[in-house]
Amino acid sequence: MPDRKGRFAWVGSLSKVALILTLTVLAVALATGIAQLVFVISQGTSWTSPVAWGAALGVLLVLVVAAWAIVTHGAVHALVANATSSASLNEQVSRLETLLENQTANSRKIADLLTLSEQAKTLLYHDREVDAIREMVHQMLVRQDYTAAEQLISSVEQRPAYAQEAIALRKEVATTRQATIEGRTDLAVKRVEELIERREWLRAAREVAPLVQAYPTNAKVTALPSRIESAKARHKRDLLQAYGEAVRRNDLDASIDLLKQLDTYLTPQEAAALQDSARGVFRAKLHTLGVQFAIQVAEGQWNNAITVGEDIIRNFPNSRMAKEVLAKMDQLRANAAAKASV
């Protein structure tokens, strides 16, 4: 942003330097003219003589040129200020357009969710509800509150979509109830280890918290928080290494997929360090899609062009290319329909 706003600053600086040089030269010329005029008068020459008039006109001309130089510099300064203000306004308008586009996209998503049937909503959130139920049951097992766990499972198994999950949870409750204290902690630790393997870091941390409170002297339990952090850090290193290799191979799809995975792991400083590399990857991917789109259009492969165009619009919604492709989509669909009917 600063570069775009200050791209005309050099004009103002050049104008200022030119003004200083011009005034310096004019000051010398003015001093020379005044000295010549004084000399002519001191020699007793009349004011009406050609020599006296020439010297006076020279002084007057120098003053006029100096005035015009100052006015010109002021005009240039005003133009530069206006251009800078226009650039700043364009930046603000561009950000506002982007914000409105994102807000429109979010509004569409909300509208789509509101129009879903109850059955569709149930399917959409089924996995989240199952995870929440499992977590609640596991916390009850840590507290050895088997009655509450059984009651929760009974309330859930009445719903057909949760019948199989209820059976699995009842087996966990029965196994934990029959186990010794050491066995219970081993079962709880195993559940956390499974979450670590699935890289469900937040859920693993939530499961560990009540375990540490219930078994503060158990070495296996107290070691779990550091195991989670170590596994998370190791996975982060693996992702960074894989990303570097994908960039070296110029594998754009793999690079973008790894960047998306890394998004939840990077600190602000690490994200800033990868910013230039990520921009290059996304810029190259957009260029590749643009070339593919142009080829498909040129060859009259309308359906393929539509597929590539939708990919551009979906993954790069704020780019100029996405706006240009979007303007052509209706015509492409019309061409595809016409070709299909032949």
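Student: Which helices each supply at least two residues of the lining of the largest cavity?

Tutor: Those helices are α4 (118-142) and α7 (181-197), where a helix is a DSSP run of H or I with at least four residues, a strand is a run of E with at least two, and both are numbered from the N terminus. The model is a predicted one, in which local features need pLDDT of at least 70 and side-chain atom pairs count only at pLDDT 80 or more, whereas totals for chains, interfaces and linings use all residues. Residues are numbered from 1 along each chain as its sequence is written, and side-chain values use heavy atoms, with hydrogens and water left out.

Student: What makes a space in this structure a cavity, and how many of 30 Å³ or more does the structure hold?

Tutor: On a 1 Å grid over the protein atoms alone, a cavity is a set of points where a 1.4 Å probe fits but cannot get out, and a residue belongs to the lining if it has an atom within 4 Å of a point. By that test the structure holds one cavity of 30 Å³ or more. The largest cavity has a volume of about 40 Å³, a volume being the space filled by probe spheres set on the points, which are joined across faces, edges and corners.

Student: Which residues line the largest cavity, and how many of them are nonpolar, polar or charged?

Tutor: The lining consists of Leu141, Val142, Thr176, Arg184, Ala188, Arg191 and Tyr215, and α7 gives the largest share of it, three residues. Four are nonpolar, one is polar and two are charged, because Ala, Val, Leu, Ile, Met, Phe, Trp, Tyr, Cys and Pro count as nonpolar, Asp, Glu, Lys and Arg as charged, and the others, Gly among them, as polar.

Student: Why is Arg203 called buried?

Tutor: Buried means under 20% relative accessible area, exposed means over 50%, and partly exposed lies in between, with a 1.4 Å probe and protein chains only. Arg203 has 6% relative accessibility, so Arg203 counts as buried. This residue is found in helix α8 (residues 201-214), and, leaving aside neighbours within four places in sequence, Arg203 is in contact (heavy atoms within 4.5 Å) with Asp131, Arg134, Glu135, His138, Leu195 and Arg198.

Student: What makes Leu169 buried, and which residues does Leu169 touch?

Tutor: Leu169, in helix α6 (residues 163-178), has a relative accessible area of 2% and is therefore buried. Not counting residues up to four places away in sequence, Leu169 touches Ile133, Arg134, Val137 and Ile153. The C-alpha atoms of Leu169 and Glu150 are separated by 8.9 Å, although these residues are 19 apart along the chain.

Student: Is Glu310 buried, partly exposed or exposed, and how do you know that?

Tutor: Glu310 has a relative accessible area of 35%, so Glu310 is partly exposed. Glu310 is found in helix α13 and touches Met329 and Arg333, not counting residues up to four places away in sequence. Between the C-alpha atoms of Glu310 and Met329, 19 residues apart along the chain, the separation is 8.6 Å.

Student: Why is the pair of Phe282 and Phe316 called edge-to-face?

Tutor: Rings of Phe, Tyr and Trp (its six-membered ring) pair if their centres lie within 6.5 Å, and planes under 30 degrees apart count as stacked, over 60 as edge-to-face and the rest as tilted. By this rule the count comes to one aromatic pair. Phe282 and Phe316 lie 6.3 Å centre to centre with 75 degrees between the planes, which is edge-to-face. Phe282 lies in helix α12 (residues 268-298) and Phe316 in the loop between α13 (302-315) and α14 (320-341), so the pair ties together parts that are 34 residues apart in sequence. At 31% relative accessibility Phe282 counts as partly exposed, whereas Phe316, at 12%, counts as buried.

Student: What is the phi of Arg199, and what is the phi of Asn250?

Tutor: Arg199 has a positive phi of about 60 degrees although it is not a glycine, and Asn250, also a residue other than glycine, has a positive phi near 60 degrees. Arg199 is found in the loop between α7 and α8 and is partly exposed, with a relative accessible area of 46%. Asn250 sits in the loop between α10 (224-248) and α11 (252-262) and, at 58% relative accessibility, counts as exposed.

Student: How many helices and strands does the protein have, and what share of the residues is buried?

Tutor: The secondary structure comes to 14 helices and zero strands, and buried residues make up 29% of the 342 residues.

Technical notes: 1 Å grid on protein atoms, 1.4 Å probe; cavity = no way out; pocket = protein on both sides within 12 Å on 5 of 7 lines; lining within 4 Å.
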